[in-house]
Amino acid sequence: MTPTRVECRGLTVKYGDLVAVDSIDLEVAAGEVFGLLGPNGAGKTSVIRALTTIIEPAAGTANVAGAALSDQRVIRQRIGVLPESSGYPSAQTGLSYLRFYGELFGLSRAEASDRAAELLDQLGLGHTQQRISHYSRGMRQRLGLCRAMINRPDVLFLDEPTLGLDPAGKEEVVRHLADIAVHDGTTVVLCTHLLDEVERACDRVAIMAAGKLLTTGTVDDVIDASDVPRSSRLRVHSDDIAAAHDVLGRLDCVDGIRFDNARPGDLDLQLAPHAVPPASARVLAAIIDAGIEIRAFETDRASLNDAFLALTAPGAPT
Amino acid sequence: MTSTTAHHTRPGWSIVARQELSELWGSTRGSGVLLGFSVLLAALSYLVSADAGINLLDARESVGVIVQTAIALGALTALVISSDAISGERERGTLESLLVTPLHRRDLVIGKLIAATSMWVAAIVVSLPFVAVLARGPGVAFDAVIVLVVAGSLVAAALTAFGLAISSLAMSNRVSLASAISIMLLLAAPSRLPGVTANGVLGSILIKLNPVSAGLKLANDVLVGQQGWSNHWTLLISPAVAAVLSTVVAIQLSRRIELGDSR
């Protein structure tokens, strides 16, 4: 059984009277890439700060990298953190900056230099003697990732790690995170607004809004939980289009039917997400029973983005 | 588990101190402030030596002016550097990354204190040639160096630690700097009291209790008044007490260092 690296029960964070995080439960396993999603002000950063010992929760318990929240130094020794609004000392070089952090984590100066050089290479920053003031935003972000990984952490907390990176850079970082999760068994907790990254990189996700945890599970679980209708496209002979429309209009699992004016034989369908048997199977069965020839049938999985918008929309059920 | 195990080869404060020193002196921040200090001291030295040339000020008076100015300005520069130490990290967004390392917050403060104190040490070094030139003799120069090193260092240590304590609490750099400089000016004010008031009982107590005015008065009495150390060592009490107290308070307040942008 895979050990749990991050676990919290009833975690609550308050700033005065404001409840930023309202009694959430989370579990993240070793080697898992876990996405923590939510609109601005959802409480994601507060969760990260509570789990990384920066702020003290008002209630609840948590265990991070095998240590209770009260063992702050043990947790800090075993985690790596890239905060959302991370600043950098502009007068230093990337190497001296990382070496400093390596030493803070107990490495000797020589070990810290070696580890820093290794990470700079891995993240494509090379052995540059450039001062950080000459780094681009993307380079700084990658330097922050290097810093977060300087101690070979058991758990890596990353708040918007691809901020400021170009598409190739984003791809590289996402691939790198997946690699360290698989090869080093590092647990990655990722906060981001970029949902396509999450779909590609995360084993499981949690969606937060207004301090509450709305849902958690695999990307498919979350999409299912969101009740977002699935889109499908049925292509029949243009002479059969009216008959197909009639047949499908009688099915309760079809929420919407639209003619495609550009393609006279196509119908765009909105299918109910939780129909039993599945809506796509009932659509096909009904068309075949009616003796209509099917020329093509495609279903599009709802995206995480659709699910996210549906779950976090004002007035959405919590 | 893959994480690095803690086996600090060096104490956390020394790692921070080295990094801070390289940042302070490797950039224009430290050297710029020191250059400003040197220019002011050079201008003042020129003025007092010109006065000495027409016998308005003798060597002791000239050195006294320079030493008092060096103490006040040197301590002020150390105060400015230290009052940026934590609030500056907070404002530049670098504090959170430090707070999530195993580094004790106490070590963070001690390391920064050492780095900020280096500004005073540099101020002493810069002041020595001016003292040597103006003293025109080993006796005055020796007294001046002792006053600088003993009284000046105590005043500077008190103000540096005080600036750091404010910096730990202040949520912005501006607040930290403004508070530190305002208090420095308040502390320096009694040394500007008119003679009658300063020589009265209340004035004398006020000056002795205040670490900055006590240090400046000691410099004046020993260098200009030629009154010897034995009569005036009590003027070192308040700078010494202030140095110890401020350092303890700054270290204690390290526990209360927060990010300050709660959301």
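Student: What kind of model is this?
Tutor: This is a predicted model.
Student: OK, chain A. How many helices and strands are in its secondary structure?
Tutor: Chain A has 11 helices and 14 strands.
Student: And what does its C-alpha trace span along the principal axes?
Tutor: About 80 × 45 × 40 Å.
Student: How much of chain A counts as buried?
Tutor: Of its 318 residues, 45% do.
Student: What about contacts along the sequence?
Tutor: Take the contacts in chain A with a separation of 6 or more. Residues 24 or more positions apart make up 68% of them.
Student: Let's zoom in on strands. Do β1(A) and β4(A) pair in the parallel or antiparallel sense?
Tutor: Antiparallel, over five bridges. β1 covers residues 4–15 of chain A, and β4 covers residues 59–64.
Student: Which residue in β4(A) is the bridge partner of A:V6?
Tutor: A:V64. On β5(A), A:V64 also has A:A67 as a bridge partner.
Student: How many bridges join β4(A) to β5(A)?
Tutor: Two, and these strands run antiparallel. They form a hairpin with two residues between them. In the turn, A:A65 has a positive phi of about 50°.
Student: Switching topic: how many residues of chain B are in contact with chain A?
Tutor: 28 residues of chain B contact 36 residues of chain A.
Student: Which element of chain B gives the most to that side?
Tutor: α1(B), with five residues.
Student: And how do the residues on that side of chain B divide?
Tutor: Eight are nonpolar, 16 polar and four charged.

Technical notes. Residues numbered from 1 in each chain as written. Chains lettered and ligands numbered in written order. Predicted model: local features only at pLDDT ≥ 70, side-chain atom pairs only at ≥ 80, totals over all residues. Pairing = 2+ DSSP bridges. Helix = DSSP H or I, 4+ residues; strand = E, 2+ residues; numbered from the N terminus. Contact = placed C-beta atoms within 7 Å. Nonpolar A, V, L, I, M, F, W, Y, C, P; charged D, E, K, R; others polar. Buried ≥ 20, exposed ≤ 12 C-beta atoms within 10 Å, placed from the backbone.
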